[in-house]
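Colleague: I would like to learn how to read a model like this one, feature by feature. Could you give me the general idea each time, and then the case at hand?

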Amino acid sequence: MTHASTSLDESDLREQFTQAAARRRTLFAARDALSAAILSEADHFTGPSGSLAPSAASRAPEPASGPIVSLPKPPQPKTWWERRAAAARQRKRREAILAARLFDATWYRARNLDVASAGMDPLAHFLEHGSFEGRSPGPGFDAIAYLARYPDVMAGGLEPWVHYTLHGKAEGRVTQAVPSSLP
């Protein structure tokens, strides 16, 4: 192999990598746009009277039949590079929620009977499915109430607990539904 052909091969690989990265950014931007569109429908997050949903601590266990909300999940990785990057993101998400002390495995299993009956690891389920379904990670954080209270979070497309750990906690945002006063 000559030096020129090796350089050309490296150049082609760099170009392919750049194109793949651009496609990945486009997919994530599309996911974020879909997430914002879905979350902008406030009906999903308020009760019939327009008040916030009950707090996660007082709400009955979520039914095994399906989620409260359905947020778009990231696309399934196809190449080894995408799988590796997805695994790294998942490790960071796991570390972040544990560091924030928002997740309570016993509470999550008790509130989500489908997770308990499937025998799944509660944290793995929350990170893979529950977070995108609008499920709350623990008694100290009500995902639905957080989205209903802060429309900017809905528009931003971040998962509620991720927004709270990155921005909301420092801003003093409330993580529970505030009971409405009766007339």
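Colleague: Which residues have the most contacts inside the largest nonpolar core?

Modeller: In soluble globular proteins, nonpolar side chains tend to be buried together. In this predicted model, the largest nonpolar core has 19 residues, and those with the most contacts inside it are Ile97, Phe126, Phe141 and Trp161. At least two residues of this core come from each of helix 3 (105–111), helix 5 (122–128), helix 6 (143–149), helix 7 (151–156) and helix 8 (160–171). Taking Ile97 and leaving aside its neighbours within four places in sequence, one finds it in contact with Leu102, Phe103, Leu123, Phe126, Leu127, Pro137 and Trp161.

Colleague: How many helices and how many strands does the protein chain have, and what share of its residues is buried?

Modeller: The protein chain has eight helices and zero strands, and buried residues make up 33% of its 183 residues. Among contacts between residues at least 6 apart in sequence, 70% join residues at least 24 apart. The chain exposes about 11,000 Å², of which carbon and sulfur atoms supply 59%.

Colleague: Where is confidence lowest in the protein chain, and where is it highest?

Modeller: Where pLDDT is low, the predicted coordinates should not be read in detail. The mean pLDDT of this chain is 74, with 61% of the residues reaching 70 or more. Confidence is lowest in helix 1 (residues 3–39), at a mean of 63, and highest in helix 3, at 93. Over residues 41–65 the pLDDT is below 50, although this stretch has 51 contacts in the model beyond near neighbours in sequence.

Colleague: Turning to the rings, how many aromatic pairs are there, and how are the planes of Phe126 and Trp161 placed?

Modeller: The count comes to nine aromatic pairs. Phe126 and Trp161 form a tilted pair, 6.3 Å centre to centre with 50° between the planes, and this pair links distant parts of the chain, given that Phe126 lies in helix 5 and Trp161 in helix 8, 35 residues apart. Both Phe126 and Trp161 are buried. Another tilted pair is formed by Phe141 and Tyr146, at 5.2 Å centre to centre and 45° between the planes; Phe141 is buried, with a relative accessible area of 0%, and Tyr146 is likewise buried at 0%.

Colleague: Which residues form one aromatic cluster with Phe126 and Trp161?

Modeller: That cluster consists of Phe103, Tyr108, Phe126 and Trp161.

Colleague: In helix 3, is Trp107 buried or exposed, and what does Arg109 touch?

Modeller: The cut-off that matters here is that buried means under 20% relative accessible area. Trp107, found in helix 3, counts as buried at 13% relative accessibility, and its C-alpha atom is separated by 9.8 Å from that of Ser136, 29 residues apart along the chain. Arg109, also placed in helix 3, is partly exposed, with a relative accessible area of 36%. Not counting residues up to four places away in sequence, Arg109 touches Ala116 and Pro122.

Methods: Residues numbered from 1 in each chain as written. Predicted model: local features only at pLDDT ≥ 70, side-chain atom pairs only at ≥ 80, totals over all residues. Heavy atoms only, no water. Helix = DSSP H or I, 4+ residues; strand = E, 2+ residues; numbered from the N terminus. Buried < 20%, exposed > 50% of the residue type's maximum accessible area, 1.4 Å probe, protein only. Contact = heavy atoms within 4.5 Å. Areas by Shrake-Rupley, 256 points an atom, 1.4 Å probe, with all protein chains shown as cover. Core = buried A, V, L, I, M, F, W, Y, C linked by side-chain atoms within 4.5 Å. pLDDT = per-residue confidence, 0-100. Phe/Tyr/Trp six-rings, centres within 6.5 Å; stacked < 30°, edge-to-face > 60°.
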